Amino acid sequence: LGGKRQLKRIELPVTATKMPVCVRVPGPGRYAVAVRHDEDGDRKLTRRDGGGFSGNPRLSVVNLRPSYQQSAFIVPEAGVK
């Protein structure tokens, strides 16, 4: 998001409507998550594919990519679950 570097990429097969996913981060700080659902598994982004961002930011047809600030969340010293 916003040209920030990628910390970790995780690929999982979709096995349910809701899937809990745990991602270890290097430590406390500010992070954002982008999720892409490759509907047909072709590893290419098409109109059929879906996605989402942490913070559930408001998107529009003109702006499909939120800013890092809109999606960022804080991971405190104690961690997040």
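**Salt bridges, charge and burial in a predicted model**

Me: Does Arg9 count as buried or exposed?
Reply: The relative accessibility of Arg9 is 54%. Buried means under 20% relative accessible area, exposed over 50%, and partly exposed in between, with a 1.4 Å probe and protein chains only. Because its value is 54%, Arg9 counts as exposed.

Me: At what N to O distance do the side chains of Glu11 and Arg9 meet?
Reply: This is a predicted model, in which local features need pLDDT of at least 70 and side-chain atom pairs count only at pLDDT 80 or more, while totals for chains, interfaces and linings use all residues. Residues are numbered from 1 along each chain as its sequence is written, and side-chain values use heavy atoms, with hydrogens and water left out. Glu11 counts as partly exposed, at 48% relative accessibility. Glu11 and Arg9 form a salt bridge (a side-chain nitrogen of Lys or Arg within 4 Å of a carboxyl oxygen of Asp or Glu), with an N to O distance of 3.1 Å.

Me: How many residues apart are Glu11 and Arg43?
Reply: The side chains of Glu11 and Arg43 meet in a salt bridge of 2.7 Å, N to O. The pair links distant parts of the chain, with Glu11 in the segment before β1 (29-31) and Arg43 in the loop between β2 and β3. Arg43 is exposed, at 59% relative accessible area.

Me: Which residues are linked in a network of salt bridges?
Reply: The structure holds two salt bridges. Glu11 pairs with Arg9 in one and with Arg43 in another. The members of the network are therefore, given the 4 Å limit, Arg9, Glu11 and Arg43.

Me: Which side chain of opposite charge is nearest to Asp38?
Reply: Asp38 is placed in the loop between β2 (34-37) and β3 (50-53), strands being DSSP runs (E, at least two residues), as helices are (H or I, at least four), numbered from the N terminus. Lys and Arg count as positive and Asp and Glu as negative, with His and the chain ends not counted. Asp38 is buried yet has no salt bridge. At 4.1 Å, the nearest side chain of opposite charge is that of Arg36.

Me: Which backbone nitrogen does the side chain of Asp38 reach?
Reply: Asp38 touches Arg43, Lys44 and Asp49 (contact means heavy atoms within 4.5 Å), not counting residues up to four places away in sequence. At 3.2 Å, its side chain reaches the backbone nitrogen of Asp42.

Me: How far apart are the centres of the positive and negative side chains?
Reply: The protein has 15 positive and 7 negative side chains. The place of a charge is taken as NZ of Lys, CZ of Arg, CG of Asp or CD of Glu. The centres of the two sets are separated by 8 Å.

Me: How far apart are Leu64 and Gly52 in space, C-alpha to C-alpha?
Reply: Leu64 lies in the loop between β3 and α1 (68-71) and counts as exposed at 59% relative accessibility. Leu64 touches Phe53 and Leu59, leaving aside residues up to four places away in sequence. Although Leu64 and Gly52 are twelve residues apart in sequence, their C-alpha distance is 9.8 Å.

Me: In what order do the elements of the protein run?
Reply: The protein has one helix and four strands. From the N terminus on, the order is β-β-β-α-β.

How values were computed:
Polar contact = N/O pair within 3.5 Å; in protein donor to acceptor, adjacent residues only side chain to side chain.
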